[in-house]
Amino acid sequence: MKVSKIAYKPVGLALGAASGMIASAAFKQTWKIVEGEGDAPDATDEDRPWQQILLAAAIQGVIFSVVKATVDRSGAVVTRRLTGVWPG
């Protein structure tokens, strides 16, 4: 394994945690706009219909994927600018 990959591991972990927090906040705000409710349904919410549960899951998946890709890519670009080496 390259030294740059090993050195980037802690940075990648920190970015992953940050992207999770950002995505969570973005999803909560998006859900309020979509459904006008405070909390998104859990898959086991008995009182919520399938349509609402699947919609929430789809929106959450898209937001988390886009935020993670954006944060990961930005971290790699910054790493290359600072070190001259692409971390992947």
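Modeller: Helices (H or I, at least four residues) and strands (E, at least two) are DSSP runs, numbered from the N terminus. This is a predicted model: local features need pLDDT of at least 70, side-chain atom pairs count only at pLDDT 80 or more, and totals for chains, interfaces and linings use all residues. Residues are numbered from 1 along each chain as its sequence is written, and side-chain values use heavy atoms, without hydrogens and water.

Biologist: How many residues does α2 have, and how far does it reach?

Modeller: The expected span of a helix is 1.5 Å times one less than its number of residues. Helix α2 has 34 residues. From first C-alpha to last it reaches 49 Å, close to the expected 50 Å. Just after α2, Gly84 takes a positive phi of about 85°.

Biologist: Which residues of α2 are buried?

Modeller: Buried means under 20% relative accessible area, exposed over 50%, partly exposed in between (1.4 Å probe, protein chains only). The buried residues of α2 are Gln52, Ile53, Ala56, Ile59, Ile63, Val67, Val71, Gly75, Ala76 and Thr79. Across the chain, 19% of the 88 residues count as buried.

Biologist: Why does Gln52 count as buried?

Modeller: Gln52 counts as buried because its relative accessibility is 9%.

Biologist: With which side chain does the side chain of Gln52 make a polar contact?

Modeller: A polar contact is a pair of N or O atoms within 3.5 Å; within protein, one must be able to donate a hydrogen and the other to accept it, and residues adjacent in sequence count only if both atoms are side-chain atoms. Gln52 pairs with the side chain of Glu35, at 3.2 Å.

Biologist: How many aromatic pairs does the structure hold?

Modeller: A pair of aromatic rings is described by the distance of the centres and the angle of the planes. The structure holds 1 aromatic pair. The ring centres of Phe27 and Trp31 are 6.3 Å apart and the planes are at 35°, so the pair is tilted. Rings of Phe, Tyr and Trp (its six-membered ring) pair if their centres lie within 6.5 Å; planes under 30 degrees apart count as stacked, over 60 as edge-to-face and the rest as tilted. Both residues lie in helix α1 (residues 3-35), 4 residues apart, about one turn of the helix. Phe27 and Trp31 are both buried.
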